[in-house]
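I wanted to look up the pockets of this structure and what lines them. My entries follow, pocket by pocket.

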Amino acid sequence: MNIPFVSFVPMENELKEDLKSAFERVIKRSWYIAGEEDKKFEENYAKYCGAKYCVGVGNGLDAIMLSLKALGLGEGDEIIVPSNTYIATVLAVTYIGATPVLVEPDIQTYNIDPEKIENAITDKTKAIVPVHLYGQPCEMDQIMDIAKKHKLYVVEDCAQAHGATYKGKKVGTFGDAGAFSFYPGKNLGALGDGGAIITNNLDIANKVRALGNYGSDYKYHHIYKGNNSRLDELQAAFLTEKLKHLDRMNNERIRIAARYSSEIVNEKIILPEKVKDRVHVWHIYAIRTKDRDSLEKYLRENGITTNKHYPIPIHMQKCYEDLEIKKGKLPLAEEISSTELSLPMYYGMTDDEIDYVIDKINNWKN
């Protein structure tokens, strides 16, 4: 049996006619940027998340970057980010001229550890960017208490957590803004690149929209030195159709994850933990083992494709040598990067495929 890490085929076969209809709507209007489809998706996604405003942008990285810019952050500022995240989170800070300050995760959840945040705060700290990694919400009550105490902005990186909730409230609605990616592999994915921010602050929404449109509030009138970052009509139309099915498809991910968690019993495997009072939407099902490379090879030989999120931590990437963080200074990020392995997880996995993955892992002896 051959099982890919991710497949869009089951979902796309199911939604094929809806996606064709979305495509035809856009073609019929002959309007491809900042039109009715974008407006419709923004309204629907804001409502879905429980936010007042949504602004579509070009991708998830831009969603974080433009949110930070809209808050007036830039050169000379320090922004706290997780040491264990995808590089886009940190690049967004770099792109506005600010300095990323890396804080270690909670080894149980892989998310930024609120207990370590305050020690990283200086008189230059202006914001925290918590990442709801793998689809599990961060400890937002504690993070927001710290932010309030130190008068810091909070921009949530929700790129992997569409539909996830913390104590009954959708992620992205706790801080000043929530940033989303609609990269095709996400729980809510476009058929190309796309992103959005949500916020309850009209000034932030308006400024993000202007910044993503060359800094323009209306045509040929530029109030900021902006960027070109807009969610195009075609992707917005596709997302409108897919949003209707997001909760149902997230529930299928939750079902698959529950099977993995209850049926994988190999003592060499550390299973991910689901925290009480949070709805984890399982963008990634991340296991850990000291023999990660051996397990990866074994699964590949048995037709199971896996992935690693992420094999080189941020502070050990060549492009961030300027942070001057030596190996060993962020041991938890290094531990996760050397032991984490992501199992196949996508809408449409059959029970036979799930059975096969579980059986092969349970029979791995190394």
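Predicted model: local features only at pLDDT ≥ 70, side-chain atom pairs only at ≥ 80, totals over all residues.

For the second largest pocket, at least two residues each come from helix H2 (36–49), strand E1 (53–57), helix H7 (202–211) and strand E10 (216–218). H7 gives the most, with 5 residues.

I then sorted the lining of the second largest pocket by class: 10 residues are nonpolar, 8 are polar and 8 are charged.

I moved on to the largest pocket and noted a volume of about 630 Å³. Its lining comprises 31 residues, and I recorded Tyr86, Gln160, Tyr183, Lys186 and Tyr310 as lying nearest the centre.

Which element gives the most to the lining of the largest pocket? I found that H4 does, with 4 residues. The elements that each supply at least two residues there are helix H3 (60–70), helix H4 (87–95) and strand E8 (177–181).

By class, I have 18 nonpolar, 9 polar and 4 charged residues in the lining of the largest pocket.

To close, I set down the leading contributors again: H7 for the second largest pocket, and H4 for the largest pocket.

How values were computed:
Residues numbered from 1 in each chain as written. Heavy atoms only, no water. 1 Å grid on protein atoms, 1.4 Å probe; cavity = no way out; pocket = protein on both sides within 12 Å on 5 of 7 lines; lining within 4 Å. Points joined across faces, edges and corners; volume = space filled by probe spheres on them. Nonpolar A, V, L, I, M, F, W, Y, C, P; charged D, E, K, R; others polar.
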